[in-house]
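This report describes a single protein chain from its overall architecture down to selected residues. The sequence and structure are shown first.

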Amino acid sequence: MEPDDGQWVRATKDYANRRYSTLDQINTGNVNQLKVAWTFDTGINRGQEYAPLVVNDTMHVVSPWPNKLFALDLTKPGGTLKWTFEPNPSNAAKGEACCDWANRGVVYTEGKIIYNTLDGYTVGVDANDGHLLWRTHLPTFKRAKP
C-alpha cells in the first residue's frame, strides 16, 4: 500500500478501490466528537452519487445535471469557492437519464479534473483555474427506439 499523503484523488482513494485512509487523526477514541465544520450546496436538488476529491488544498465537487464542477479552497474557513466550471450539457439528456440526473464523480490526473456530463461528453478541466482543456463526445445519450 502506498503511503497516505492526505489527498483523495480518486473516488475510491487508490487503484485497489479500498476506500480507506491510513491517516489516524480520527480514530475510535475521538470519532464521537466529530462535528460539521461547514457544508456546501451545489444548488441542484437532485441525486448526489459521488465522492468529492481532495487534491492538495482543493476539494472538487460535481453537481447532477447541469454537471457544474466546483473547486473549494480548503485553506479558507468554510471552503471558499475558488472557481466553477459550467459544461452546459444538453437539456434533452435529462429525459434520457435512467436513475435521476446524477453524476458519478470526477477523477484527478496530471493537473486535470476529468469527468463525464449527462449528455455524453467527457471533459478535461484545468484543476488550478477551471478552464476547459478538452471535450470529447462519446456515444449518444439517447435511448434506442424498440
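## A loop residue with a cis bond

P66 is found in the loop between β2 and β3, where helices (H or I, at least four residues) and strands (E, at least two) are DSSP runs, numbered from the N terminus. The peptide bond between W65 and P66 is cis, with omega of about 20 degrees.

## Basis of the model

The model is predicted: local features need pLDDT of at least 70 and side-chain atom pairs count only at pLDDT 80 or more, while totals for chains, interfaces and linings use all residues. Residues are numbered from 1 along each chain as its sequence is written, and side-chain values use heavy atoms, with hydrogens and water left out.

## Overall architecture

The protein chain has eight strands and zero helices. Its pattern along the sequence is accordingly written β-β-β-β-β-β-β-β. The C-alpha trace spans about 55 × 35 × 30 Å along its principal axes.

Of the 146 residues of the protein chain, 38% count as buried; buried means under 20% relative accessible area, exposed over 50%, and partly exposed in between (1.4 Å probe, protein chains only). The accessible surface of the protein chain comes to about 9,200 Å², and carbon and sulfur atoms account for 50% of this surface. Accessible areas come from the Shrake-Rupley method with a 1.4 Å probe; for residues, only the protein chains shown count as cover. Among contacts (heavy atoms within 4.5 Å) between residues at least 6 apart in sequence, 39% join residues at least 24 apart.

## The four-stranded sheet

Four strands form an open sheet in the order β1-β2-β3-β4, with antiparallel pairing; two strands pair if DSSP finds at least two bridges between them. β1 (53-55) and β4 (80-85) stand at the edges with a single partner strand each, so one side of each has no neighbour in the sheet. From one strand to the next, the twist averages 25 degrees; axes are lines fitted to C-alpha atoms, for helices over the stretch in contact, and angles run from 0 to 180 degrees between N-to-C directions.

Strand β3 (residues 69-73) pairs with β4 in the antiparallel sense over five bridges. In this part of the sheet, L69 stands opposite F85 in β4.

## T58 in strand β2

Strand β2 (residues 58-62) contains T58. T58 counts as buried because its relative accessibility is 6%. Its side chain forms a polar contact of 2.7 Å with that of K82. A polar contact is a pair of N or O atoms within 3.5 Å; within protein, one must be able to donate a hydrogen and the other to accept it, and residues adjacent in sequence count only if both atoms are side-chain atoms. Apart from neighbours within four places in sequence, T58 is in contact with L53, A71, L72, L74 and K82.

## Two asparagines with positive phi

N67, in the loop between β2 and β3, has a positive phi of about 60 degrees although it is not a glycine. N67 is buried, with a relative accessible area of 0%.

N88 is found in the loop between β4 and β5 (106-109). N88 also is not a glycine, and its phi is positive at about 55 degrees. With a relative accessible area of 59%, N88 is exposed.

## Y50 before the sheet

Y50 lies in the segment before β1. Setting aside neighbours within four places in sequence, Y50 is in contact with T42, V61, V62, N103, R104 and G105. Y50 and S63 are 13 residues apart along the chain, and their C-alpha atoms are separated by 9.2 Å.
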